[in-house]
Amino acid sequence: HHGKALQKSDENAKHDGVIIDCPISKVDPSKVYQVIIDNSTDDGNFVDLRVPVMGYTIPLIYRKYKTHELRFTNEVYSSTIHEVLAQISEGEYSQLVNFANKMKVDFGEMDVLRDRNSGKIYVVDVNTTPYGPPSGLSKEEQREAVGKLSDSFCESFMK
């Protein structure tokens, strides 16, 4: 690869991403390297989609808003909860569920970025130890999220 890339720890929950110039002379085996996805917003900030997967369903999607300084961290300045098909298409829904199931994720959360230029989505991380709901939600939104996740758990695993 020639150009900018993201270098981050391969270890879970490090949130230590930095932008580097490629090509690089030596690969660090403790790191992973990704092409930079332009998930910027019109105001110069960034939005990540946090996508919980429960069995074969996606019960909701969070939008996590970040400043330039927070872009590659787990910190946000705001989060919102959304109906799934208001954020992704039915085709993307199927692709995300199939992807999670091929990775043998029964319950997890994916970090998904939508490229501003192409409109395509990219899964940049799969978390098998989800922590949601994310910070930045109101107490009411947190209760709504936990309710939807609980209902989805029952539907997926208790029948």
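**Exercise 1. Overall form of the chain**

Task: Compare the radius of gyration of the chain with that of a compact globule of 159 residues.

Solution: A compact globule with 159 residues would have a radius of gyration near 15 Å, and the chain has 16 Å, so the two agree. The model is a predicted one. Next comes the extent along the principal axes, where the C-alpha atoms fill a box of roughly 55 × 35 × 30 Å. Buried residues account for 38% of the 159 residues. For the charges, the chain carries 19 positive and 24 negative side chains, with 3 Å between the centres of the two sets.

**Exercise 2. Order of the elements**

Task: State how many helices and strands the chain has, and give their pattern along the sequence.

Solution: The count is 2 helices and 8 strands. Reading along the sequence gives β-β-β-β-β-β-α-β-β-α. Sequence separation of contacts is the next step: taking contacts between residues at least 6 apart in sequence, 50% join residues at least 24 apart.

**Exercise 3. The surroundings of I81**

Task: Locate I81 in the secondary structure, decide whether I81 is buried or exposed, and list its contacts beyond four places in sequence.

Solution: Start with the element: I81 belongs to strand β6, which covers residues 78-82. Its relative accessible area is 12%. Buried means under 20%, so I81 is buried. With neighbours within four places in sequence set aside, the contacts of I81 are L60, I61, Y62, L137, E141, E144 and A145.

**Exercise 4. Aromatic pairs**

Task: Find how many aromatic pairs the chain has, and classify the pair of Y65 and Y77 by the angle of its planes.

Solution: There are 2 aromatic pairs. In the pair of Y65 and Y77, the ring centres lie 6.3 Å apart and the planes stand at 45°. Planes under 30 degrees apart count as stacked and over 60 as edge-to-face, so this pair is tilted. The pair links distant parts of the chain, with Y65 in strand β5 (residues 61-66) and Y77 in the loop between β5 and β6, 12 residues apart. As for cover, Y65 counts as buried at 19% relative accessibility, whereas Y77 is partly exposed at 42%.

The other pair is made by F153 and F157, with ring centres 5.2 Å apart and planes at 55°, so it is tilted. F153 and F157 are 4 residues apart in helix α2 (residues 139-157), which means a separation of about one helical turn. F153 is partly exposed, with a relative accessible area of 39%, and F157 is partly exposed at 33%.

**Exercise 5. The surroundings of N127**

Task: Say which strand holds N127, whether N127 is buried or exposed, and which residues beyond four places in sequence are in contact with N127.

Solution: The strand is β8, residues 121-127. At a relative accessible area of 8%, N127 is buried. Once neighbours within four places in sequence are left aside, N12, R50, G108, E109 and D111 are in contact with N127.

Notes
Residues numbered from 1 in each chain as written. Predicted model: local features only at pLDDT ≥ 70, side-chain atom pairs only at ≥ 80, totals over all residues. Heavy atoms only, no water. Buried < 20%, exposed > 50% of the residue type's maximum accessible area, 1.4 Å probe, protein only. Contact = heavy atoms within 4.5 Å. Phe/Tyr/Trp six-rings, centres within 6.5 Å; stacked < 30°, edge-to-face > 60°. Rg over C-alpha atoms; globule rule 2.2 N^0.38 Å. Lys, Arg positive; Asp, Glu negative; His and termini not counted. Charge placed at Lys NZ, Arg CZ, Asp CG, Glu CD.
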